[in-house]
Structures are given as C-alpha cells and as structure tokens.
Amino acid sequence: MVRLRKVVPPGSADVFAKLEWENPTGSMKDRMALAVISRAEEDGRLKPGDTVVEYTGGSTGASLALVCAAKGYRLRIVTSDAFSQAKRDHMTALGAELTLVPSEGGLTTRKLIGDMIEAARQLSREPRTYWIDQLNNRDSIAGYYPLGEEIWSQTKGEIEAFVHSAGAAASSRGVATVLKRHKPGVEIVVVEPAESSVLRGGPAGAHRIEGIGIGRTPPLWEPTLVDDILPVRTDDAKDMARRIAREEALFAGTSSGANVVAAIRVAERLGPRAKVVTLMVDSGLKYLSTDLYRRR
C-alpha cells in the first residue's frame with residue numbers, strides 16, 4: 001500500500017492505493033478465482049477431470065486460468081474483442097480455450113455482457129462442466145475478505161473511506177463487509193462509469209472502462225454496505241491512469257484510474273488528517289494493446 005504523493009490536491013485527505021497487481025497474474029481477481037475454485041472443490045460441485053466455464057473481460061479469465069492450470073482443470077472462457085488483446089493472450093498462455101463474442105465497436109454494453117453470459121450458459125450444459133457464473137457466485141465475496149483484513153491492518157484501523165469500482169460487486173462487498181465489521185462508520189464509496197450510471201438510477205450506456213459497469217445492478221450488489229456512488233467518465237479514468245503512471249510511477253489499468261479520480265473527490269471532501277484507501281486493480285501491462293498508453 002502506497003500513499004499518492006502528487007496527484008492529490010493540497011488540503012485533501014491522504015489517499016493510499018493498495019497495489020493489487022502484486023498478485024500472481026497482476027490482478028486482484030486472483031483472490032476470487034482461488035476462492036470460487038477451492039470452495040467448489042470442497043463441496044463437490046467441481047471434481048477432478050471436470051471442465052470450468054466462465055464469461056469474462058479478461059482479468060478474471062487470467063486468474064481462473066492460473067488456478068485451473070495449477071489444479072489441472074480444463075478452462076473454457078467466453079470473452080470479447082471489447083477487451084484488450086493482452087488480456088486474451090494472457091488467458092491463452094495459461095491454457096484457457098477462448099470463445100469470442102463480437103462487440104459493437106469495441107464498447108462494453110449491456111447487450112454484450114448478456115451475449116457473453118448466454119454463450120457461457122450454452123457451454124455449461126455440456127457434461128462434467130462447472131460454470132463459475134461470477135455475477136451470481138457468492139463464493140467470490142469471501143475471496144475478498146482477506147483483502148479487507150489487509151487494508152485494516154496496513155492502515156492500523158485509521159481509515160475513513162474505502163473507494164472502489166463495481167463490476168460484479170464482489171470485491172467492494174467483500175472489503176466493505178470486513179471494514180464495516182471493524183469500524184461501522186467507515187465510508188464505502190462505489191465507482192461506476194458515468195456513461196452507464198445504473199447504480200445511481202441512470203440508464204445503461206456504452207463505455208470503455210474494462211471490467212466494471214455491466215449495464216445493470218449486479219446480483220451481488222448490497223446497497224446497505226454502500227454510503228455513496230460516484231460516476232466517473234471513461235476519458236477522466238484514462239487521463240488519471242496516464243497521470244498516475246507518469247507522476248506517481250504506478251502503472252495501472254483504466255478502472256484503477258477511475259478509482260483514483262473518485263478517491264480524490266472523497267479526499268477533497270474529507271479534508272486533511274483523514275485517510276482514504278482505494279485499489280490499483282490490475283497492471284498497466286494488461287492494457288498495452290489498447291489506446292490507454294499509446295502516445296498522445
């Protein structure tokens with residue numbers, strides 16, 4: 001966990017970023033992948049020789065591919081050209097078999113997510129197949145409890161707000177559950193794309209922040225744990241990702257940029273002597289095949 005030193009305006013709370021790219025595949029999703037596979041093994045839903053199936057934009061797929069490679073499971077992933085080629089290559093390198101669903105001009109839309117889910121559903125009907133179904137899989141929430149405990153320990157309990165973006169909502173819910181248990185007054189702020197601000201009651205829309213903003217309220221969403229929802233524009237998220245790379249020497253993806261934009265807003269509101277924590281969700285290496293870090 002590091003404190004952001006340059007992008008946070010004077011007079012704001014301190015903003016700390018938890019560097020989740022330190023996980024084996026460079027993403028926080030390694031936490032949920034291990035949890036969902038291990039729990040399915042423990043209760044017999046997943047047996048030796050079975051095939052694992054999932055829909056994903058990439059980071060979850062790479063994490064599942066890592067765990068499945070280590071444990072010896074065949075993995076079939078449904079993904080799309082809306083997500084970075086680097087992520088797809090990463091999944092393939094770890095042994096995943098990909099099914100590509102075409103997008104509308106590389107945009108993440110509600111229709112695209114629905115098409116990916118339906119394709120995974122069809123694959124899951126084959127014999128000896130375990131479908132992760134991350135949007136409905138409660139096992140993933142528990143995978144983030146250790147992350148919440150790490151944040152609590154690393155801040156020594158001195159945390160006023162936790163800020164993080166929502167895709168399936170398992171990570172924000174898992175961390176919030178732990179932090180609220182330790183400190184009921186801690187503020188939980190969830191980030192979503194401004195172009196698809198459905199959690200705030202707006203219409204679904206197309207955006208380019210990979211991994212978040214699925215165009216509907218995620219089934220794992222628990223509003224009683226959330227104190228505020230902040231929308232962030234794709235362009236602002238990308239600009240901040242570039243800034244934190246150049247100014248903070250932190251090389252992250254687009255959703256991490258969105259997290260920092262929102263965390264700064266919270267820090268400005270809370271003022272000095274407060275501590276805000278957010279996540280660097282994954283490594284910028286996953287985005288080198290996109291326009292995020294191409295010379296502008």
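Visitor: Why is Thr155 called buried?

Guide: This is a predicted model, in which local features need pLDDT of at least 70, side-chain atom pairs count only at pLDDT 80 or more, and totals for chains, interfaces and linings use all residues. Residues are numbered from 1 along each chain as its sequence is written, and side-chain values use heavy atoms, with hydrogens and water left out. Thr155 has a relative accessible area of 5%, and buried means under 20% (exposed is over 50%, partly exposed in between, with a 1.4 Å probe and protein chains only). Thr155 is therefore buried.

Visitor: What makes the approach of Thr155 to Trp152 a polar contact?

Guide: A polar atom of the Thr155 side chain lies 3.3 Å from the backbone oxygen of Trp152. The term requires a pair of N or O atoms within 3.5 Å, one able to donate a hydrogen and the other to accept it; residues adjacent in sequence count only if both atoms are side-chain atoms.

Visitor: Which residues does Thr155 touch, leaving aside those up to four places away in sequence?

Guide: Thr155 touches Met1 and Val277, where contact means heavy atoms within 4.5 Å. Phe162 also touches Val277, and its other partners include Ile151 and Leu179.

Visitor: What makes a group of residues a nonpolar core?

Guide: Such a core is a set of buried Ala, Val, Leu, Ile, Met, Phe, Trp, Tyr and Cys residues joined through side-chain atoms within 4.5 Å. The largest has 38 residues, and Ile37, Val52, Leu75, Ile151, Phe162 and Leu179 have the most contacts inside it. Apart from it lies another core of 32 residues, among them Ile209 and Leu250. In soluble globular proteins, nonpolar side chains tend to be buried together.

Visitor: Why is one space called a cavity and another a pocket?

Guide: On a 1 Å grid over the protein atoms alone, a cavity is a set of points where a 1.4 Å probe fits but cannot get out, whereas a pocket is an open set with protein on both sides within 12 Å along at least five of seven lines; lining residues have an atom within 4 Å of a point. The largest cavity holds about 470 Å³, and the largest pocket has a volume of about 240 Å³. Grid points are joined across faces, edges and corners, and a volume is the space filled by probe spheres set on the points.

Visitor: Which residues lie nearest the centre of the largest cavity?

Guide: They are Lys29, Gln134, Gly167, Gly211 and Ile212, from a lining of 35 residues. Gly167 also lines the second largest cavity, whose volume is about 60 Å³.
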